[in-house]
Amino acid sequence: MSQFQFQSQLNLSTASSFGVSDSEANTPYQLPSLSFNRFATHEDIIPLSNLRESDDIPKPSSDFPEGGRQGWLTVAGASACLFSSFGWVNCVGIFQDQYQFNQLKDYSPSDIAWISSLQVFFLIFGGLMVGKMLDDYGPGLPLALGTFLHVFGLMLTSVADNYVSIMLCQGVLSPIGASMVFYPAFNCASTWFLKKRGAALGLIAMGSSIGGVIFPIMLINLIPKVGFGWAVRCCAFLILVLLVFSNLTVRSRFPPKKRPFVAKAFLLPLTERPFALLTAAIFFFYWGMFIPITFIVVEARAQGMSSHLADYLVPILNGASIIGRTVPNALADKVGHFNMMILMSAFTTVLILAVWLPTSGNAAAIVFAALFGISSGAGIGLTPVLCAHISPIDEINIRSGTAFSISAFAALTGSPIGGQIIIQSLGSFDNVKIFGGVSCAIGTLLFIAARLAQGGLHAKKL
């Protein structure tokens, strides 16, 4: 039995006897006199002589500082990380449109969608590698290396002139660097907050929304004036400045502690039913959620919207997601993180199937972009909170890396599948909308199943 499984059973079995709420029962407490230098298995026998006090073991929930000067500096720096990483990736709709009608006009929508899909894939999949780096060296190394790779990849993208080079620079090199600044943001901030964790991570996630507004507007206005290359370079310089600030401010509350790399450690959380269901829920939700994000611009143009107005659907969507990544997170601290996620994922499903699918026209597209920005923003902002909610504080790096690395395959395949559906449908977007909506619906059902597996039928705030 793993350390986490033992603690979870201990918490739950004693909760009812002492009148402790379900949410408190699920809060991981560390036994103050135990020290584990590696992941425990059923074969481990720990001699009594090895039991000792350790200052490296995370404190009980009451000892979380819930902010402080360094805590809020970490939130500010982490928000800049999200601005520069996920905020940049939020521009995929702009690049799908730009490449489809300019540099890569001889390629199919499905071929072009692989570039944006690889961006999201490497951004999310890097969690396994970055989580290990955070455990061994702290946030300094991944932040510095990620800053270099992300900016260097974008500089190369600005001079790339063919499909392969664009895919390698924008779809592989840059997002690998972006992943190295994305994960330290959430994981380091989580060590400073417990009761306010949802609100703090919501503020961090808001950085990606602001970036998703600023970057598209920069590209829309700079490309006609200075050309595609210099437009991308200007964005890269802005990212460099912000990530220098992040390197100076993002800190973890706990010192790094090297552990031997054991592949089983990344798979072990999947043996826990709540975590396995949560991972599956994130996978299906992301599979459907990235369909509108990728194709909203080209779909609007196909419906007759002017190219200039269609491009602004991306900043409208990302601007509205500022609300989705802050307000639901703050409310989730009071009503329950799983409860809020279920509500917002169901809302996303309804928007795709009941608004985007049957409607047409400029007004309908703008309304959908705004409402979808709110619902999808909540989905992106709450998923890291859910991983932290059911994880011991010292295992957040590994467990979140496991969940998001698996979910990365949804981001990798969703948009190319969508592009192929459009081709098979002879240019119609109806079937790809159905694919996106049904995927989000399955994700919603799995979020409900994960909630029930974690807290049962009687837990109200979860």
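Helix α19 takes in residues 430-455, and at 1.5 Å a residue its 26 residues should span 38 Å; the end C-alpha atoms do sit 38 Å apart, so the two values agree. The expected span here is 1.5 Å times one less than the number of residues. Helices are DSSP runs of H or I with at least four residues, numbered from the N terminus.

A word on the ground rules. This is a predicted model, in which local features need pLDDT of at least 70 and side-chain atom pairs count only at pLDDT 80 or more, while totals for chains, interfaces and linings use all residues. Residues are numbered from 1 along each chain as its sequence is written, and side-chain values use heavy atoms, with hydrogens and water left out.

Helix α8 (residues 140-157) passes the length check too: its 18 residues should span 26 Å, at 1.5 Å a residue, and its end C-alpha atoms are 26 Å apart, which agrees. Its buried residues are P142, L143, G146, T147, L149, H150, V151, G153, L154 and T157. Buried means under 20% relative accessible area, with over 50% called exposed and anything in between partly exposed (1.4 Å probe, protein chains only). These buried residues pack against α3 (68-84), α4 (86-89), α5 (92-101), α7 (127-137), α9 (163-190) and α10 (197-249).

As for the α10 partner, α8 packs with it at an angle of about 170°, the axes lying 8 Å apart. Axes are lines fitted to C-alpha atoms, for helices over the stretch in contact, and angles run from 0 to 180 degrees between N-to-C directions. The pair is therefore roughly antiparallel, a label for angles over 145 degrees. On the α8 side, the residues that meet α10 include L143, A144, H150 and M155, while F228, R233, F237 and L240 are among those contributed by α10. The residues of this contact split into twelve nonpolar, six polar and one charged. Ala, Val, Leu, Ile, Met, Phe, Trp, Tyr, Cys and Pro count as nonpolar, Asp, Glu, Lys and Arg as charged, and the others, Gly among them, as polar.

Elsewhere in α10 sits G212, which counts as buried because its relative accessibility is 0%. Leaving aside residues up to four places away in sequence, G212 touches G87, N90, V314, P315 and N318, where contact means heavy atoms within 4.5 Å. G212 and S85 are 127 residues apart in sequence, yet their C-alpha atoms are 9.8 Å apart in space.

Definitions and conventions: Helix = DSSP H or I, 4+ residues; strand = E, 2+ residues; numbered from the N terminus. Parallel < 35°, antiparallel > 145°, perpendicular 65-115°, else oblique.
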